[in-house]
Amino acid sequence: MGKQPNLYAFNDVSALARTLRKYLIQCQNAGFERHNLFKVAVSGGSLPSTLAKALLKPDDGGSNDAIDFAKWEIFFADERAVALDHADSNYKLLKDELLDKIPKEMDQPKVHPIDVKYLDDVHEMADQYQEALMQSFAAKDSVKLPIFDLLLLGCGPDGHTCSLFPNHELLRESDAWVAPIEDSPKSPAKRITLSLPVVTHGTKIAFVATGAGKKDILKQIFDTEEGRSLPCGLVNEGGAEKVSWFTDDGAVDGVGFPRRGSL
(Lines give C-alpha, C1' and ligand atoms only; values in the text may rest on other atoms or scores of the structure.)
Protein backbone atom coordinates (compact mmCIF):
# COMPACT_ATOMS: atom_id res chain seq x y z
CA MET A 1 0.00 0.00 0.00
CA GLY A 2 1.30 3.44 -0.90
CA LYS A 3 1.38 6.46 1.35
CA GLN A 4 -1.98 7.62 2.60
CA PRO A 5 -3.72 10.92 3.29
CA ASN A 6 -3.85 12.36 6.81
CA LEU A 7 -7.24 12.36 8.55
CA TYR A 8 -7.74 14.67 11.54
CA ALA A 9 -10.97 14.78 13.56
CA PHE A 10 -11.92 17.37 16.19
CA ASN A 11 -14.70 17.75 18.77
CA ASP A 12 -16.09 20.84 17.08
CA VAL A 13 -15.38 23.44 14.39
CA SER A 14 -13.62 25.78 16.88
CA ALA A 15 -11.06 23.10 17.75
CA LEU A 16 -10.72 22.27 14.04
CA ALA A 17 -10.11 25.95 13.22
CA ARG A 18 -7.31 26.22 15.80
CA THR A 19 -5.39 23.33 14.24
CA LEU A 20 -6.23 24.49 10.72
CA ARG A 21 -4.63 27.84 11.58
CA LYS A 22 -1.38 26.09 12.60
CA TYR A 23 -1.45 24.10 9.36
CA LEU A 24 -2.11 27.22 7.25
CA ILE A 25 0.80 29.04 8.89
CA GLN A 26 3.10 26.06 8.28
CA CYS A 27 2.08 26.05 4.60
CA GLN A 28 2.37 29.85 4.37
CA ASN A 29 5.86 29.90 5.88
CA ALA A 30 7.02 27.07 3.62
CA GLY A 31 5.74 29.07 0.62
CA PHE A 32 7.60 32.15 1.85
CA GLU A 33 10.80 30.09 2.08
CA ARG A 34 10.31 28.79 -1.47
CA HIS A 35 9.39 32.01 -3.28
CA ASN A 36 8.47 34.70 -0.73
CA LEU A 37 4.78 34.25 -1.65
CA PHE A 38 1.93 31.98 -0.60
CA LYS A 39 -0.07 30.78 -3.61
CA VAL A 40 -3.32 29.19 -2.58
CA ALA A 41 -6.46 27.95 -4.34
CA VAL A 42 -9.76 28.12 -2.45
CA SER A 43 -13.15 26.45 -2.96
CA GLY A 44 -16.56 27.65 -1.83
CA GLY A 45 -19.27 25.97 0.26
CA SER A 46 -18.77 26.13 4.03
CA LEU A 47 -14.98 26.42 3.65
CA PRO A 48 -14.68 30.26 3.68
CA SER A 49 -16.47 30.58 7.04
CA THR A 50 -14.19 27.95 8.61
CA LEU A 51 -11.20 29.71 7.06
CA ALA A 52 -12.32 32.98 8.65
CA LYS A 53 -12.49 31.28 12.07
CA ALA A 54 -8.95 30.01 11.56
CA LEU A 55 -7.37 33.15 10.11
CA LEU A 56 -9.06 36.09 11.83
CA LYS A 57 -8.28 35.30 15.44
CA PRO A 58 -5.54 37.51 16.96
CA ASP A 59 -1.97 36.29 16.68
CA ASP A 60 -0.45 35.00 19.90
CA GLY A 61 2.36 37.51 19.48
CA GLY A 62 4.94 34.99 18.27
CA SER A 63 6.46 35.27 14.82
CA ASN A 64 5.48 31.63 14.22
CA ASP A 65 1.81 32.58 14.51
CA ALA A 66 1.75 35.51 12.09
CA ILE A 67 -0.47 35.66 9.01
CA ASP A 68 1.06 37.92 6.34
CA PHE A 69 -1.76 38.46 3.84
CA ALA A 70 0.37 40.90 1.83
CA LYS A 71 2.24 37.91 0.39
CA TRP A 72 -0.85 35.76 -0.22
CA GLU A 73 -2.06 35.18 -3.76
CA ILE A 74 -5.52 33.60 -3.84
CA PHE A 75 -7.02 31.81 -6.83
CA PHE A 76 -10.33 29.96 -6.99
CA ALA A 77 -10.26 26.17 -7.28
CA ASP A 78 -13.55 26.53 -9.12
CA GLU A 79 -16.00 29.30 -9.89
CA ARG A 80 -19.52 29.63 -11.21
CA ALA A 81 -20.23 31.66 -14.37
CA VAL A 82 -22.14 34.35 -12.47
CA ALA A 83 -21.55 38.00 -11.56
CA LEU A 84 -19.14 38.59 -8.69
CA ASP A 85 -21.98 39.88 -6.48
CA HIS A 86 -24.28 36.92 -7.27
CA ALA A 87 -25.28 34.62 -4.40
CA ASP A 88 -23.71 31.63 -6.23
CA SER A 89 -20.30 33.31 -6.65
CA ASN A 90 -17.42 31.72 -4.74
CA TYR A 91 -15.69 35.10 -4.91
CA LYS A 92 -18.64 36.76 -3.15
CA LEU A 93 -18.65 33.99 -0.53
CA LEU A 94 -14.95 34.46 0.21
CA LYS A 95 -15.36 38.26 0.20
CA ASP A 96 -18.30 38.19 2.61
CA GLU A 97 -16.89 35.56 4.96
CA LEU A 98 -13.19 36.46 4.99
CA LEU A 99 -11.86 39.30 2.84
CA ASP A 100 -14.23 42.00 4.12
CA LYS A 101 -13.47 40.96 7.72
CA ILE A 102 -9.69 41.27 7.52
CA PRO A 103 -8.80 44.06 9.99
CA LYS A 104 -7.75 47.39 8.50
CA GLU A 105 -4.31 47.13 10.09
CA MET A 106 -3.62 43.92 8.12
CA ASP A 107 -2.78 43.97 4.43
CA GLN A 108 -5.17 42.45 1.90
CA PRO A 109 -4.18 39.38 -0.13
CA LYS A 110 -4.00 39.55 -3.91
CA VAL A 111 -7.16 37.83 -5.17
CA HIS A 112 -7.86 36.57 -8.70
CA PRO A 113 -11.60 36.57 -9.52
CA ILE A 114 -12.97 35.43 -12.87
CA ASP A 115 -13.28 37.93 -15.73
CA VAL A 116 -17.02 38.64 -15.88
CA LYS A 117 -16.72 39.69 -19.53
CA TYR A 118 -16.95 35.99 -20.36
CA LEU A 119 -20.00 34.91 -18.36
CA ASP A 120 -21.67 33.71 -21.57
CA ASP A 121 -18.64 31.74 -22.78
CA VAL A 122 -17.16 29.45 -20.14
CA HIS A 123 -14.59 28.10 -22.61
CA GLU A 124 -13.14 31.60 -23.01
CA MET A 125 -13.50 32.19 -19.26
CA ALA A 126 -11.47 29.05 -18.56
CA ASP A 127 -8.81 30.15 -21.07
CA GLN A 128 -8.59 33.58 -19.46
CA TYR A 129 -8.31 32.11 -15.96
CA GLN A 130 -5.61 29.73 -17.16
CA GLU A 131 -3.82 32.78 -18.58
CA ALA A 132 -3.89 34.38 -15.12
CA LEU A 133 -2.36 31.21 -13.69
CA MET A 134 0.33 31.22 -16.37
CA GLN A 135 1.27 34.78 -15.53
CA SER A 136 1.69 33.83 -11.88
CA PHE A 137 3.29 30.39 -12.29
CA ALA A 138 5.44 31.07 -15.40
CA ALA A 139 4.71 30.34 -19.03
CA LYS A 140 2.89 27.06 -19.62
CA ASP A 141 5.51 25.86 -22.09
CA SER A 142 8.14 26.01 -19.34
CA VAL A 143 5.93 24.58 -16.56
CA LYS A 144 3.83 21.50 -17.23
CA LEU A 145 1.58 22.20 -14.26
CA PRO A 146 1.33 25.03 -11.74
CA ILE A 147 2.38 24.08 -8.21
CA PHE A 148 0.14 25.69 -5.62
CA ASP A 149 1.58 25.95 -2.12
CA LEU A 150 -1.83 24.86 -0.86
CA LEU A 151 -5.25 23.96 -2.25
CA LEU A 152 -8.14 24.34 0.21
CA LEU A 153 -11.04 22.15 -0.85
CA GLY A 154 -14.47 20.98 0.21
CA CYS A 155 -16.24 17.66 -0.28
CA GLY A 156 -19.78 17.49 -1.67
CA PRO A 157 -22.33 14.89 -0.53
CA ASP A 158 -21.70 13.03 -3.80
CA GLY A 159 -17.90 13.09 -3.33
CA HIS A 160 -17.29 15.95 -5.76
CA THR A 161 -14.62 18.56 -5.14
CA CYS A 162 -13.90 21.79 -7.02
CA SER A 163 -16.36 21.38 -9.92
CA LEU A 164 -15.09 17.87 -10.61
CA PHE A 165 -18.10 15.56 -10.38
CA PRO A 166 -18.36 11.75 -10.18
CA ASN A 167 -18.13 9.95 -13.52
CA HIS A 168 -17.77 13.25 -15.41
CA GLU A 169 -15.51 13.38 -18.46
CA LEU A 170 -13.55 16.28 -16.90
CA LEU A 171 -11.95 13.79 -14.52
CA ARG A 172 -9.95 12.57 -17.53
CA GLU A 173 -8.74 16.06 -18.53
CA SER A 174 -4.95 15.91 -18.56
CA ASP A 175 -3.77 18.95 -20.51
CA ALA A 176 -5.74 22.01 -19.40
CA TRP A 177 -4.96 23.73 -16.10
CA VAL A 178 -8.45 25.23 -16.00
CA ALA A 179 -11.42 23.51 -17.64
CA PRO A 180 -14.94 24.69 -18.48
CA ILE A 181 -18.04 22.75 -17.48
CA GLU A 182 -21.46 23.45 -18.98
CA ASP A 183 -23.42 20.53 -17.55
CA SER A 184 -22.70 20.61 -13.82
CA PRO A 185 -25.15 18.29 -12.06
CA LYS A 186 -25.29 20.93 -9.33
CA SER A 187 -26.70 24.37 -10.18
CA PRO A 188 -25.50 26.62 -11.70
CA ALA A 189 -24.59 24.41 -14.67
CA LYS A 190 -21.88 26.66 -16.14
CA ARG A 191 -18.59 26.83 -14.26
CA ILE A 192 -14.83 26.63 -14.53
CA THR A 193 -12.62 24.37 -12.43
CA LEU A 194 -9.00 23.47 -11.86
CA SER A 195 -8.26 20.11 -13.48
CA LEU A 196 -7.48 17.03 -11.40
CA PRO A 197 -3.74 17.01 -12.31
CA VAL A 198 -3.41 20.61 -11.08
CA VAL A 199 -5.11 19.71 -7.80
CA THR A 200 -2.95 16.64 -7.10
CA HIS A 201 0.22 18.52 -8.15
CA GLY A 202 -0.10 20.96 -5.24
CA THR A 203 2.57 21.02 -2.54
CA LYS A 204 -0.17 20.53 0.06
CA ILE A 205 -3.88 19.76 -0.34
CA ALA A 206 -6.40 20.23 2.49
CA PHE A 207 -10.05 19.23 2.70
CA VAL A 208 -12.37 20.72 5.29
CA ALA A 209 -15.51 18.63 5.89
CA THR A 210 -17.77 19.09 8.90
CA GLY A 211 -21.17 17.95 10.14
CA ALA A 212 -23.01 14.65 10.32
CA GLY A 213 -24.29 15.20 6.78
CA LYS A 214 -20.80 14.26 5.53
CA LYS A 215 -20.39 10.96 7.37
CA ASP A 216 -21.86 8.70 4.68
CA ILE A 217 -19.76 10.11 1.85
CA LEU A 218 -16.58 10.17 3.99
CA LYS A 219 -17.13 6.54 4.93
CA GLN A 220 -17.45 5.75 1.22
CA ILE A 221 -14.33 7.76 0.27
CA PHE A 222 -12.10 6.34 3.02
CA ASP A 223 -13.46 2.83 3.59
CA THR A 224 -14.67 1.48 0.23
CA GLU A 225 -13.08 0.51 -3.06
CA GLU A 226 -15.69 2.43 -5.12
CA GLY A 227 -15.03 5.55 -3.04
CA ARG A 228 -11.51 5.69 -4.43
CA SER A 229 -12.91 6.52 -7.87
CA LEU A 230 -14.94 9.49 -6.61
CA PRO A 231 -13.29 12.88 -7.23
CA CYS A 232 -12.27 13.26 -3.55
CA GLY A 233 -10.96 9.68 -3.60
CA LEU A 234 -8.93 10.43 -6.74
CA VAL A 235 -7.36 13.43 -4.97
CA ASN A 236 -6.50 11.17 -2.02
CA GLU A 237 -4.99 8.66 -4.43
CA GLY A 238 -3.02 11.22 -6.46
CA GLY A 239 -1.97 13.45 -3.57
CA ALA A 240 -1.32 10.66 -1.01
CA GLU A 241 0.51 12.00 2.06
CA LYS A 242 0.31 15.58 0.73
CA VAL A 243 -3.44 15.46 1.47
CA SER A 244 -4.86 16.35 4.90
CA TRP A 245 -8.54 16.18 5.92
CA PHE A 246 -9.77 18.46 8.69
CA THR A 247 -13.08 17.09 9.99
CA ASP A 248 -15.24 17.14 13.10
CA ASP A 249 -16.39 14.03 14.95
CA GLY A 250 -19.84 14.14 13.32
CA ALA A 251 -18.38 13.96 9.83
CA VAL A 252 -16.28 10.85 10.52
CA ASP A 253 -18.74 8.98 12.75
CA GLY A 254 -18.45 5.34 11.63
CA VAL A 255 -15.40 5.93 9.40
CA GLY A 256 -12.87 3.15 9.94
CA PHE A 257 -9.84 4.88 8.36
CA PRO A 258 -7.29 5.71 11.09
CA ARG A 259 -7.10 9.27 12.42
CA ARG A 260 -3.87 11.10 13.10
CA GLY A 261 -3.41 12.62 16.53
CA SER A 262 -1.59 15.84 15.66
CA LEU A 263 -0.01 17.78 12.80
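Tutor: Phe-69 and Trp-72 are both buried, where buried means under 20% relative accessible area, exposed over 50% and partly exposed in between (1.4 Å probe, protein chains only).

Student: What kind of model is this, and how are the residues numbered?

Tutor: This is a predicted model: local features need pLDDT of at least 70, side-chain atom pairs count only at pLDDT 80 or more, and totals for chains, interfaces and linings use all residues. Residues are numbered from 1 along each chain as its sequence is written, and side-chain values use heavy atoms, with hydrogens and water left out.

Student: OK, how many aromatic pairs are there?

Tutor: The count is 12 aromatic pairs. Rings of Phe, Tyr and Trp (its six-membered ring) pair if their centres lie within 6.5 Å; planes under 30 degrees apart count as stacked, over 60 as edge-to-face and the rest as tilted. One of the pairs is Tyr-8 with Phe-246, which is stacked at 5.4 Å centre to centre with 20° between the planes.

Student: Where do Tyr-8 and Phe-246 sit in the chain?

Tutor: Tyr-8 is in strand β1 (residues 6-10) and Phe-246 in strand β10 (residues 243-248), so the pair links distant parts of the chain, 238 residues apart. Helices (H or I, at least four residues) and strands (E, at least two) are DSSP runs, numbered from the N terminus.

Student: Which lysine lies over the face of Phe-137?

Tutor: Lys-39 does, at 4.6 Å from the ring centre. The rule asks for NZ of Lys or CZ of Arg within 6 Å of the ring centre and within 35 degrees of the ring normal. Lys-71 lies over the face of Phe-32 at 5.0 Å.

Student: Switching to helix α2. Why is α2 described as largely enclosed?

Tutor: Because 7 of the 9 residues of α2 (residues 47-55) are buried. Among them are Leu-47, Pro-48 and Thr-50.

Student: What covers them?

Tutor: The cover includes α1 (13-35), β2 (38-42), β3 (72-76), α3 (90-97), β6 (150-153) and β9 (205-209).

Student: Next, Thr-161. Where is Thr-161, and what does it touch?

Tutor: Thr-161 lies in the loop between β6 and β7 (178-181) and is buried, with a relative accessible area of 1%. Leaving aside neighbours within four places in sequence, Thr-161 is in contact (heavy atoms within 4.5 Å) with Leu-153, Gly-154, Phe-207, Pro-231, Cys-232 and Val-235. A polar atom of the Thr-161 side chain lies 2.7 Å from the backbone oxygen of Gly-154.

Student: Last one, overall. How many helices and strands does the protein have?

Tutor: The protein has 7 helices and 10 strands. Its radius of gyration, taken over C-alpha atoms, is 17 Å, close to the 18 Å that the globule rule (2.2 Å times the number of residues to the power 0.38) gives for 263 residues, so the protein is as compact as a globular protein of that length. Of the 263 residues, 51% count as buried.

Notes: A polar contact is a pair of N or O atoms within 3.5 Å; within protein, one must be able to donate a hydrogen and the other to accept it, and residues adjacent in sequence count only if both atoms are side-chain atoms.
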